[in-house]
Amino acid sequence: MNTSTALLTDHYELTMVDAALHAGTAHRQSVFELFARRLSGARRYGVVAGTGRLLEAIERFRFEDAELEFLRANRVVTDTTLEWLANYRFAGNIWGYPEGEVFFPGSPLITVEATFAEGVLLETLALSILNADSAVATAASRMTHAANGKPLAEMGSRRTGEYSAVAAARAAYIAGFSATSNLEAGRSHGIPTMGTAAHSFTLLHDSEREAFEAQVAALGADTTLLVDTFDIEQGVRTAVEVAGTELGAVRIDSGDLPVVVARVRELLDELGATRTRITVTNDLDEYTVAALASSPVDSFGVGTSVVVGSGTPTMGMVYKLVAHEDDAGNWVAVAKKSADKASVGGRKSVRRRHNARGIANAELIFLGDGPGGTTEGEEALGREVLVPLILDGSVQPGHTGPAGIAAARERHQLRVRELPPVAMSLTRGDPAIPTEYRSAE
């Protein structure tokens with residue numbers, strides 16, 4: 001299997017490099033930024049996800065013989081550019097918001113410092129990963145808050161592409177979900193997996209009772225029995241008769257859930273199964289989760305909504321050149337002026353300001369200063385947000401693999417707690433904190 005990520009890009013990225021090499025501008029030192037002009041879906045905050053996956057993908061961004069032959073056969077670029085691509089290794093620096101961090105309009109989620117040719121090649125790869133993963137994580141974060149501390153499992157694999165499902169499970173876990181149904185996500189990313197049986201298992205047997213008996217025989221009384229294939233109340237009674245009062249849980253996948261859940265809890269208690277948990281599924285989103293959070297539901301399983309970003313399948317991020325050196329070695333800030341698509345030029349650093357109670361109240365973006373730079377009186381301005389992700393072509397430790405996921409999950413919990421209460425609103429509205437641009441001088 002070819003593991004190169006070099007062709008996970010758009011045709012025009014390579015033709016830009018081709019033209020720039022011939023024009024003599026390809027090797028100008030440049031700064032690119034990836035950011036969102038606004039929060040898609042009028043969300044109150046966004047969640048950064050996919051950073052670790054991107055760093056791993058950049059390490060595999062190599063034009064091997066198969067990639068070069070494809071480009072040659074299709075005459076995508078000239079032979080001179082093919083020779084340059086054959087030796088391509090990203091050797092620059094990337095700074096960014098660490099994974100699990102929250103973000104707002106204008107936040108430079110990654111800042112790429114490299115030659116123009118090196119940096120522009122990463123545009124499509126970075127956008128495709130961060131746009132999708134951050135959309136899932138943002139939706140998952142809203143659901144996690146709506147659940148009010150009750151666990152959620154991601155189970156949307158069948159509602160998206162097979163590889164997108166793995167990425168979605170990873171993003172949801174970072175944003176607070178406790179498990180996934182996707183086994184590849186468990187193998188690749190160390191995420192806890194879960195699952196028992198679907199309606200087809202019940203329908204396979206001659207009766208619901210026989211299906212429950214088979215499941216309990218295989219998985220034990222602590223399993224979760226799906227009780228809504230036929231009649232829910234009868235399903236609950238049969239489940240307790242088969243598994244006993246130590247039955248682990250019942251799952252409900254249909255009906256008027258607030259009403260059904262209350263009746264099921266009442267019935268379980270009447271039957272002596274007071275410790276049997278109730279889990280619900282059935283096309284849940286953050287709104288239905290919030291409506292059920294105060295009911296006797298013990299856990300939620302969310303599918304379609306989380307893997308498609310709950311109506312916002314992309315965060316609308318863009319990747320723009322914001323500065324480059326001229327032929328004399330001087331830095332030149334550049335920016336788009338297009339209506340509704342304007343960008344802010346120049347190298348930047350970021351600090352997040354908090355009030356005396358530790359609640360975030362502003363995202364401060366300093367113009368004219370690069371990532372890792374210093375700003376006069378910076379301690380009083382809050383926490384520095386940007387961290388080094390790649391330095392001189394080397395991925396920095398702590399951002400990839402299961403350890404990176406664990407750190408991102410913990411970081412997300414901390415950062416959400418720093419947000420003002422309005423951030424938790426599920427209504428459409430303005431960002432929870434404003435973005436302020438300031439001079440670094």
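Two strands are taken to pair if DSSP finds at least two bridges between them, and the helices (H or I, at least four residues) and strands (E, at least two) are DSSP runs numbered from the N terminus. The model is predicted, so local features need pLDDT of at least 70 and side-chain atom pairs count only at pLDDT 80 or more, whereas totals for chains, interfaces and linings use all residues. Residues are numbered from 1 along each chain as its sequence is written, and side-chain values use heavy atoms, with hydrogens and water left out.

**Figure 1. Overview of the protein.** The protein contains 15 helices and 19 strands, and its C-alpha trace spans about 85 × 60 × 40 Å along the principal axes. Of the 441 residues, 53% are buried, where buried means under 20% relative accessible area with a 1.4 Å probe and protein chains only. Among contacts (heavy atoms within 4.5 Å) with a separation of 6 or more, 74% are between residues 24 or more positions apart.

**Figure 2. Strand 12 and its partners.** Strand 12 (residues 317-325) has 7 of its 9 residues buried, so the strand is largely enclosed by the rest of the structure. Strand 1 (residues 29-36) pairs with strand 12 in the antiparallel sense over 7 bridges, and in this pairing Tyr319 of strand 12 is the bridge partner of Leu34. Strand 13 (residues 331-333) also pairs with strand 12 in the antiparallel sense, over 3 bridges, with Ala323 standing opposite Ala333 in strand 13. Strands 12 and 13 form a hairpin with 5 residues between them, and Gly329 in the turn has a positive phi of about 85°.

Figure 3. Strand 14 (residues 348-354) and strand 15 (residues 360-367) pair in the antiparallel sense over 7 bridges, and Arg353 stands opposite Ala362 in strand 15.

**Figure 4. The packing of helix 3 against helix 4.** The axes of helix 3 (residues 65-73) and helix 4 (residues 79-86), which are lines fitted to C-alpha atoms over the stretch in contact, come within 11 Å and cross at roughly 165°, on a scale that runs from 0 to 180 degrees between N-to-C directions. Helix 3 and helix 4 are therefore roughly antiparallel to each other, a term for angles over 145 degrees. At their contact, Leu68, Leu71 and Arg72 in helix 3 meet Leu82, Leu85 and Ala86 in helix 4.

Note on methods:
Angles under 35 degrees count as roughly parallel, over 145 as roughly antiparallel, 65 to 115 as roughly perpendicular and the rest as oblique. Buried means under 20% relative accessible area, exposed over 50%, partly exposed in between (1.4 Å probe, protein chains only).
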